[in-house]
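Good morning, and thank you for making time for this presentation. Please have the sequence and the structure in view as I speak.

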Amino acid sequence: MLRRSRVAATSGATGRVEISRGAIAAIAQDALTEAYGVVGMAPSGLRGNLAYYLRQADPQRGIEVEVNRDQITINLSVILEYGVRISEVAQNVKELVKFAVEQALEMKVVAVNVYVQGLHFSDDQARAGEKA
Amino acid sequence: MSSETDTTVCDGNGLLAALDAAGANLEHHAEAINALNVFPVPDGDTGKNMLLTMQAALAAVHAAAAEGTTGAGPLAAKLARGAMMGSRGNSGVILSQILRGFARGIGEEATFDGQLLAVALREAATTAYRAVQHPVEGTMLTVIRVAAETAEAAVTQDAALVAVLDATLAGARDALARTPELLARLREAGVVDAGGQGIVTLLEGAVLAAHGETLTASSGVVAPSGGTAAELGTMSDFMAEHGEDEVGYCTNVMIAQRERQPLDFELIRERLLALGESGVVIGDEELIKVHIHTENPGAVLTEAVQWGELDQIRIDNMSFQVEAVSAGVRGATAIANPLTAASIEDDSGGPQIVAVASGDGLIAVLQGLGAQGIVSGGQTMNPSTEELLRAVEALPGNEVIILPNNSNVILTAEQVVDLTSKQVVVVPTRSVPQGIAALAAVNFDDTLTENAEAMTEAAQGIRSAEITHAVRTTTIGGVDVIEGQAIGLIDGKLVYAADTVEAVLFELLARTDATNAELITLYQGLDVPEAAGAAMVELIHERYGDLAVELVEGGQPHYDYLMSVE
């Protein structure tokens, strides 16, 4: 049985390279700050909830990295800006994070799962204006 | 911009003309904008994605105009809505936010002058910046912001509408030309930002319309703007040659360095351009992107592989595409220029979704989660099979999932399965909160069956409750109800009646085991005063302490609150 590992590792002729899950999460987090439509992260324990929003305290909150042998899976719990097309932004986020991590590590990311935990209204006045 | 005589303000018709011209200009240049993406980054097809978004926005605004919507403000609101619903790719999402801010800036005004245009552009920039934690400068964000700043400065000099618009374009072009200074990856590749070029291209179309020139997809070509000197050269070559030859194979390939040997860009470019027409070859010594129309794609690949590793090879037979479009295969939206349309295929995968709901807030949430078709209805007015069928048929895709969102609509929805040639699955959601939970589980990469299973499971993962008022005195399921009392339902079944909404709400919370829940979402009804919902949230906090409660303006009729407990 495969044991879930704390590190992603590659071995080559000149030795072994290990990358911690925290380092992978940092790469993902960096990519996420530039991901258009994403305005925050949510605690990942509350998967499946809609409209749950808390201010960001831990920068890597909402980012879970799983490693099985050299296979990386990343789970993201994100808060999106109200008014963006959620399905499209989620798709963009998947591509962006997968690209950033794969480019940095030259390792395969098998899945990026995006959990949209909530929507953020930038200002209520604008929201009221659009409803009218 | 409006009528021939009055150029101080723009009305709804003027706005439509400007938008059409902007869209036509973008259509003409979409492929060139795609070619600006040198590196294999996500959202590589910026031109295509912006165009698909703009086409969706234009379709929405024209549909609204046909149904009698007039006035710049109301039309702009429809435009923004269409852009949001049809946004594609990263650049498309940003464009939709820009249009949303623009619409908000115009507000309800039937016309706008130069001053209001500047206000709307500022709002467009602000809205676009707000949807990202760390805005990157040197992108389309910078271009729209500088355009807005230039417009504001112009108003103080000469507030005439056309003067402000001209200044806006000048500012946008200037900002575009400076994108390589701000972003190293553009500088290294010797190109301007593709999304920024898209914004400039849209503005150029609008400016032409404002000066009374007509622009159609087939005739109008605006000289390319912005860019570094090198980039301008590339774009001009492209424009001069493109559009003349629509037979042969549209061949795209990336050439990457082999074993870190630098690529001889100039030589490779020269060799490849000799092999076909409409050639665009850009890049640097590490990576070269090739786009060329040729009768012999094999020769292009043979040449390219001598120099480096090939990646992202794509060869399309342009004459087949033209025939397919002429035969009407592509549908109505992309016909204006069949040749361009042929190269802009809609590759949206995954199932499409029809959801039943009423209430502006609920509909907005469902649409935001990806429901393309909304059929109005719900608790008190169930939609007909025909209405559902029409919604299914109206979607372009062949695989459709229906969310009935009401136990009385499930059977109606299941009728649709046999009435259409499309593949339809009904996910039996009994309430809108269940429908929302189901939508959040959609994975557009999965098959119809996989999605239906995941959605059914997600819908069952929440408890949904509703609060409304009894319309007559009766006894249902052992519960005595007096006309006018507040009544509570859990998962569609009547469980409790009381004189106040609060009493019912707390009974429902107790019965749904709220103490152990993580989140309560309350969807406030149309007839509930705004303050009442917030007061209700306070009451729940008093009783349940730390339990997270989210209040959403659902806007549903008749039902004071819909509630989900997770």
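Which residue is the bridge partner of B:Ile353 in strand 7 of chain B? The partner is B:Ile401. Please bear in mind throughout that this is a predicted model.

That pair belongs to the contact between strand 5, residues 352-357, and strand 7, residues 399-403, of chain B, which are joined in the parallel sense by four bridges. Both strands are part of an open sheet of four strands in chain B, ordered 6-5-7-8 and paired in parallel. At the edges stand strand 6 (373-376) and strand 8 (423-426) of chain B; each has a single partner strand, so one side of each is left without a neighbour in the sheet. On average, and with direction ignored, neighbouring strands of this sheet are turned by 20° against each other.

Two helices of chain B that pack on this sheet deserve mention. Helix 16, residues 360-368, touches strand 5 and strand 6 of chain B, and its direction makes about 170° with that of strand 5. Helix 20, residues 448-460, touches strand 7 and strand 8 of chain B, and here the angle to the direction of strand 7 is about 15°.

I turn now to chain A. Strand 6 (residues 71-81) and strand 7 (residues 109-120) of chain A run parallel and are joined by ten bridges. Within this pairing, A:Ile72 stands opposite A:Val109 of strand 7. Together with helix 2 of chain A, these two strands make a right-handed β-α-β unit.

Next, the contact between the chains. Chain A contributes 31 residues and chain B 38 residues. On the side of chain A that touches chain B, strand 4 (38-41), helix 2 (86-105) and helix 3 (124-131) of chain A each supply at least two residues. Helix 2 of chain A provides the largest share, nine residues.

Finally, confidence. The average pLDDT of chain A is 77, and 74% of its residues score at least 70. Helix 2 of chain A has the highest confidence, at 91, whereas helix 3 of chain A has the lowest, at a mean of 48. Two stretches of chain A call for comment. Over residues 46-57 of chain A, pLDDT stays under 50, and the model has 39 contacts beyond four places in sequence for them. Over residues 124-132 of chain A, pLDDT also stays under 50, and the corresponding contacts number six.

Thank you; I welcome your questions.

Key: Residues are numbered from 1 along each chain as its sequence is written. Chains are lettered from A and ligands numbered from 1 in the order in which they are written. This is a predicted model: local features need pLDDT of at least 70, side-chain atom pairs count only at pLDDT 80 or more; totals for chains, interfaces and linings use all residues. Two residues are in contact if their C-beta atoms, placed from the backbone, lie within 7 Å. pLDDT is the predictor's confidence in each residue, from 0 to 100. Two strands pair if DSSP finds at least two bridges between them. A crossover is right-handed if, with the strands pointing away from the viewer, the path from the first strand over the helix to the second runs clockwise. Axes are lines fitted to C-alpha atoms, for helices over the stretch in contact, and angles run from 0 to 180 degrees between N-to-C directions.
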